[in-house]
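Subject: Structure handover

Hi,

Here is the structure I promised to pass on. Have a look at it first, and then read my notes below.

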Amino acid sequence: MRVVVIGGWAPSLVRFRGPLLAAMVARGHDVIAMAADGSDVVTRQLAELGVRFEPIALARTGIDPIEDTRAFAALVRTLRAHRPDLVFGYTIKPIVYGSLAASVAGVPWRAAMITGLGYALATPRTAKQRAVAVVARSLYRAALARCQAVFVQNADDLAELRARHVLASTAPVTMVRGSGVDLEHYAKAPLPDGDPTFLFLGRLLHDKGIGEYVAAAARVRERHPQARFRVVGWLDSNPECVRRDELDRWCAAGLIDYRGPTEDVRPHLRDAHVVVLPSYREGTPRSVLEAMSTGRAVITTDAPGCRDTIVDGVSGLLVPVRDPGALARAALRLVESRALVERLAAGARARVESLYDARQVASQMLETMGL
């Protein structure tokens with residue numbers, strides 16, 4: 001079968017969907033990956049997996065009626081030219097435009113993976129955001145109704161999608177444990193020596209809890225100035241992203257050590273003792289799975305998606321959402337007990353081995369899609 005996989009961000013095709021794409025190829029399918037702004041590096045990495053890459057003009061964020069209409073029409077033409085048997089999209093815009101374009105182009109099978117609720121179900125703050133949300137939800141509903149398989153990553157997201165009437169109660173839904181994680185690529189590594197080191201890994205968005213992380217760092221460092229709080233991640237155009245001057249102030253005050261974006265998170269994970277994700281909501285947080293696979297203790301929030309990844313006190317610590325005080329207290333427990341860090345790190349690796357192996361997740365998805 002010929003399969004087209006559509007993502008919103010080209011590097012994610014390798015980093016997040018690599019095991020799934022490799023499994024498709026291993027089963028003898030002809031796989032074409034599509035996303036905007038693909039680089040030569042992404043093209044080469046996909047080729048090494050046996051996957052062809054084709055760039056498309058689909059912006060990752062925002063809604064521009066004129067540009068999106070052009071991108072949709074171009075995608076319909078592209079799909080008609082390739083004549084795939086199945087189109088699989090993940091994240092909101094590839095799901096919406098990919099599934100609808102596949103339906104128009106006559107692709108017989110459409111599948112979607114919901115990796116988080118995103119702007120379509122976010123609480124709007126302005127009249128413009130409310131108008132965008134209405135349009136986005138309508139398109140999302142229409143796209144999902146045309147899919148023969150819909151994958152969701154946690155029960156909270158599924159309940160909200162149904163409560164908002166975006167996903168019909170009769171829709172063919174399969175629950176999966178995120179994208180899983182490649183246990184060999186993110187190999188278990190011994191905890192480093194030296195001062196306790198915490199790591200925030202991901203886009204620097206307010207709703208990822210970066211502000212709470214910085215506030216907790218300030219409190220912990222008052223008692224334990226040797227503790228290190230590192231940040232690795234991206235500044236982008238998302239309206240929830242922190243401003244550069246704000247980030248610079250945090251660094252100048254000595255609260256955090258910003259290491260910039262990275263193409264490979266593994267060295268940063270190996271240099272840390274604890275990974276912290278104080279997010280307000282996730283599908284299944286990839287950074288947490290990568291940390292667990294590396295054998296790192298995790299602090300995350302008792303929020304949808306996040307709370308599913310760890311067992312509190314066994315493979316990590318859960319704290320309330322938007323509570324820097326609770327986050328600081330959890331971090332202090334780990335600063336003051338290397339034994340607890342070691343126990344949680346071992347529990348994290350054991351949990352990810354039993355539940356989040358990317359090969360198992362890929363196999364489940366391929367069986368559901370008839371691949």
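Searching the whole structure, a predicted model, turns up seven aromatic pairs; rings of Phe, Tyr and Trp (its six-membered ring) pair if their centres lie within 6.5 Å, with planes under 30 degrees apart counted as stacked, over 60 as edge-to-face and the rest as tilted. One of them is Trp9 with Trp234, an edge-to-face pair at 6.3 Å centre to centre and 75° between the planes. This pair links distant parts of the chain, 225 residues apart: Trp9 is in the loop between strand 1 (2–6) and helix 1 (10–15), and Trp234 is in the loop between strand 9 (228–232) and helix 9 (244–252). Helices (H or I, at least four residues) and strands (E, at least two) are DSSP runs, numbered from the N terminus.

Some housekeeping: residues are numbered from 1 along each chain as its sequence is written, and side-chain values use heavy atoms, with hydrogens and water left out. As this is a predicted model, local features need pLDDT of at least 70 and side-chain atom pairs count only at pLDDT 80 or more, while totals for chains, interfaces and linings use all residues.

Strand 11 (residues 274–277) pairs with strand 12 (residues 297–301) in the parallel sense over four bridges, with Leu277 opposite Thr300 in strand 12.

Now the helix packing. Axes are lines fitted to C-alpha atoms, for helices over the stretch in contact, and angles run from 0 to 180 degrees between N-to-C directions. Helix 2 (residues 18–26) packs on helix 14 (residues 358–368) at about 55°, with the axes 9 Å apart. That makes helix 2 oblique to helix 14 (under 35 degrees is roughly parallel, over 145 roughly antiparallel, 65 to 115 roughly perpendicular and the rest oblique). Pro19, Leu20, Ala23 and Met24 of helix 2 make the contact with Ala358, Ala362, Met365 and Leu366 of helix 14, where contact means heavy atoms within 4.5 Å. By class, these residues are eight nonpolar, no polar and no charged; Ala, Val, Leu, Ile, Met, Phe, Trp, Tyr, Cys and Pro count as nonpolar, Asp, Glu, Lys and Arg as charged, and the others, Gly among them, as polar.

Helix 4 (residues 65–82) and helix 5 (residues 92–104) have axes that come within 9 Å and cross at roughly 50°, so helix 4 is oblique to helix 5. Their contact has nine nonpolar, one polar and three charged residues.

Cheers

Key:
Two strands pair if DSSP finds at least two bridges between them.
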